[in-house]
Amino acid sequence: MPVQIQIPGLNMTQVQAGGTIPTEVLCLMNMVTPEELEDEDEYEDILEDVKEECGKYGTVKSLEVPKPIKGIEVPGVGKIYVEFNSVIDCQKAQQALAGRKFSNRVVVTSYYDMDKYHRREF
């Protein structure tokens, strides 16, 4: 019987519809919690770790990790968006990172729409 997993911020229809066509942007989910992102030192460590790890698979053009703001609903909190130089680099990273563990959580990946990423629509 298939197992249903609940991951905050993960919309399965979004993953099935928009997340399967490779783009230059990879969305990493189930890696960080809002609490971890609130701590400035931990936030910087997360940025550094993700950039270093993703850099093994290609050139990282940009990286977005939306931070929580008290009292405001910030879209994309808990997700990490990585823009690569090419679709090929992004695919290599996706294949290597999907299913890996980060802070005892299994990483879930999805390709993300380039236009939405550049408009900061998380």
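Guide: Let's start with a pair: Val25 has Tyr112, in β6, as its bridge partner. Before going on, this is a predicted model, where local features need pLDDT of at least 70, side-chain atom pairs count only at pLDDT 80 or more, and totals for chains, interfaces and linings use all residues. Residues are numbered from 1 along each chain as its sequence is written, and side-chain values use heavy atoms, with hydrogens and water left out.

Visitor: Which strand pairs with β6, and over how many bridges?

Guide: Strand β1 (residues 25–29) does, in the antiparallel sense, over 5 bridges. Pairing takes at least two DSSP bridges between two strands; strands are DSSP runs of E, at least two residues, and helices are runs of H or I, at least four, numbered from the N terminus.

Visitor: In what order do the strands of the open sheet come?

Guide: The order is β2-β3-β1-β6, 4 strands with antiparallel pairing. β2 (60–64) and β6 (108–112) are the edges, each with a single partner strand, so one side of each has no neighbour in the sheet.

Visitor: And what lies across β1, β3 and β6?

Guide: Helix α4 (residues 87–97), at about 20 degrees to β1. Axes are lines fitted to C-alpha atoms, for helices over the stretch in contact, and angles run from 0 to 180 degrees between N-to-C directions.

Visitor: New topic: is Thr109 buried or exposed?

Guide: Thr109 is buried, at 11% relative accessible area. Buried means under 20%, exposed over 50%, partly exposed in between (1.4 Å probe, protein chains only). Thr109 sits in β6, and its side chain makes a polar contact with the side chain of Gln94 at 3.1 Å. That term means N or O atoms within 3.5 Å, where, within protein, one must be able to donate a hydrogen and the other to accept it, and residues adjacent in sequence count only if both atoms are side-chain atoms.

Visitor: Where does Val32 lie?

Guide: In the loop between β1 and α2 (34–38). Val32 counts as buried because its relative accessibility is 7%. Beyond neighbours within four places in sequence, its contacts (heavy atoms within 4.5 Å) include Ile80 and Phe102.

Visitor: Which residues have the most contacts inside the largest nonpolar core?

Guide: Leu28, Val50, Ile80 and Val82, in a core of 22 residues. Such a core is a set of buried Ala, Val, Leu, Ile, Met, Phe, Trp, Tyr and Cys residues joined through side-chain atoms within 4.5 Å. α3 gives the largest share, 4 residues.

Key
Contact means heavy atoms within 4.5 Å.
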